[in-house]
Amino acid sequence: MDAIEVIRAKRDRGELSTAQIDWVIDAYTGGAVADEQMSALAMAILLNGMNRREIADWTQAMIRSGERMDWSLLDRPTADKHSTGGVGDKITLPLAPVVAACGAYVPQLSGRGLGHTGGTLDKLESIPGWRASLSNDEMLGVLRAAGAVVCAAGSGLAPADKKLYALRDVTGTVESIPLIASSIMSKKIAEGTGSLVLDVKVGSGAFMKTVPAARELAETMVALGTDAGVRTVALLTAMDRPLGRAVGNALEVEESVEVLSGGGPADVVELTVRLAREMLAAAGVSPGKDPAKALEDGSAMDAWRRMISAQGGDPDAVLPRAAETLTVQAPSSGVLARLDAYAVGLAAWRLGAGRARKEDPVSFGAGIVLHAKPGDLVRDGQPLMTLHADETSRFDRALEALEGAYAVGPAAEEHLPLVIDRVTAP
Ligand code: URA
C-alpha cells in the first residue's frame, strides 16, 4: 500500500477500506507517511467527507496507535464528560466533584486552551501547587482518594491523534466533522471511561455555529462511543453568549468554587446539575444522591478539596489576580439585548487569558467578569463588565474585539435555550 493511492482514492470521492485506514494511520504514527501526505489526505477528507464505517475505522485505528486505559478494577462505575469548548465553560470544575460525591468515579483527561476557548488544565493550574501531569498509578491514587481526577493526557494515549491534530491546526483542516469526531472520541474511548456525556456547544463561541452542524457532530460521536461499548449521550447547549459571569483562568476557578458553595450563576448551576444527572444515569448510578443536593450539602465541595489537594494544590490558596482592571459601562439604559460569546472569548484571549501558540504561557489572572447577562436591565453608565490584565497595553485590543459585541435596547434579542436538545444512540 502507499500513501498516494490512499490520497487519490479520497480525492476522487472514493470510500477508504478498513485496510487502507489501518495502514495510513499506522504508517503516519511511525513516520513512514510524511506530514505533507497526511495534510493532503486530511484536506481530501475535509472536502469529501467519510461515511460512518470509515469514521469508526479511523477512530479505532487512532485508539490502537497507543495505550488504552482500564478502570474495571474499581469498585464503582466510571463516567466522564467532554465539552467541545466554549467561552466561560468551566463546567468540568464543579461537575467532576459533584459526580464523585454522587457515587461515580470521574477519570478525566483534559486539555489546554488554544484560540478563544479556555482549557480546563489552564484553569486548574491557576491554583498554586496543582499538578496536571500524573502517571497512570498517580491517576488511580487520586481517583481512589477523591473520586475524581482531572489531568493531562500522557503521550501514550492516541499518539496518532496528537500528531494529526497538530497538523490539522496549521493546515486549515480542523473543521471537518469526521476528523473532529474521531479525534475527540479516540481519546475518550482510549481513556477507558465506561460512560460518557458529550456537551456539544452551539453558537458564535463554539466550533459548531448552527444546530444542524452540532447535531451531526453529536450523532457521529454518540454512534462512535456506543459502537465501542461506551454508554454515550450528548446534549446540545448554547454558546451564543458566554456561560456564567467569569471568563479567564483564575476568575473561572473562583466562580466554580462559588457554585460548589451552593451559589454561583444560574446557568452554570443548571448545566452542572443537568450534565451530572446524565452522567450518573449513563453510569447506572441510580437512585444515587441528587447532584443539586450535593451542591447544597457541601459533599461536592468536600470532593473538590480532596481532588485539588491530591494533585498538590492548595484549595485555600489565594488565586492570582491581574494587576490592572478597566470597567466597560452601559452606553444607555434598557435591557442588555445581546452579548456575543465569540467576541468576549477573543477579548479575554487578548487580555492574556489564552495563548496564540501551544508553547506560550497564559496569564492566570487575566479575563473578563460580566456584571450583566442578556435579558438583564441596565442603567446608563452602569458597569457592564470588568476587564482584567497584567498590562494596561492589552486593553485597547480587547476593547476592539468587543466593538459591536453587545447592545442595549428595549428587549433581549432571541437567543438559544441553555439546553437545546439531547442526542442518544438510535
Ligand atoms: N478537540 C479535539 O480533541 N479534536 C478536534 O479535532 C477538535 C477539538
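The following paragraphs describe the overall architecture of a predicted protein model and the setting of selected residues within it.

The model is predicted, and local features are therefore reported at pLDDT of at least 70 and side-chain atom pairs at pLDDT 80 or more, whereas totals for chains, interfaces and linings use all residues. Residues are numbered from 1 along each chain as its sequence is written, and side-chain values use heavy atoms, with hydrogens and water left out.

The protein contains 16 helices and 13 strands, where helices (H or I, at least four residues) and strands (E, at least two) are DSSP runs numbered from the N terminus. Its radius of gyration, taken over C-alpha atoms, is 21 Å, which agrees with the value near 22 Å that a compact globule of 426 residues would have; the globule rule applied here is 2.2 Å times the number of residues to the power 0.38. Along the principal axes, the C-alpha atoms of the protein fill a box of roughly 65 × 45 × 40 Å. Of the 426 residues, 54% count as buried, with buried meaning under 20% relative accessible area, exposed over 50% and partly exposed in between (1.4 Å probe, protein chains only). Contact is defined by heavy atoms within 4.5 Å, and among contacts between residues at least 6 apart in sequence, 79% join residues at least 24 apart.

The protein exposes about 16800 Å², of which carbon and sulfur atoms supply 51%; accessible areas come from the Shrake-Rupley method with a 1.4 Å probe, and for residues only the protein chains shown count as cover. There are 43 positive and 55 negative side chains, and the centres of the two sets lie 2 Å apart. In this count Lys and Arg are positive and Asp and Glu negative, while His and the chain ends are not counted, and each charge is placed at NZ of Lys, CZ of Arg, CG of Asp or CD of Glu.

Over residues 335-409 the chain is 28% helix and 29% strand, and the end C-alpha atoms are 5 Å apart. Val 378, found in strand S10 (residues 377-378), is buried, with a relative accessible area of 4%. When residues up to four places away in sequence are not counted, Val 378 touches Ala 330, Ser 332, Ser 333, Gly 334, Leu 336, Ala 372, Leu 384 and Val 408. The C-alpha atoms of Val 378 and Ala 330, which are 48 residues apart in sequence, are separated by 6.9 Å.

Positive phi values occur at two residues considered here that are not glycine, Arg 13, with phi near 65°, and Ala 158, with phi of about 45°. Arg 13 lies in the loop between helix H1 (3-11) and helix H2 (18-30) and is exposed, with a relative accessible area of 67%. Ala 158 is found in the loop between strand S3 (148-152) and helix H8 (159-169), and this alanine counts as buried at 1% relative accessibility.

Partly exposed positions include Glu 219, in helix H10 (residues 211-227), with a relative accessible area of 36%. Leaving aside neighbours within four places in sequence, Glu 219 is in contact with Arg 52 and Val 423, and its C-alpha atom is 8.9 Å from that of Val 233, 14 residues apart in sequence. Glu 258, in helix H11 (residues 249-260), is likewise partly exposed, with a relative accessible area of 44%, and touches Gly 263, Gly 264 and Pro 265 when residues up to four places away are not counted. The C-alpha atoms of Glu 258 and Asp 396, 138 residues apart along the chain, are separated by 30 Å. Ala 34, in the loop between H2 and helix H3 (35-48), is partly exposed at 26% relative accessible area; Ala 34 and Leu 402 are 368 residues apart in sequence and 41 Å apart in space, C-alpha to C-alpha.
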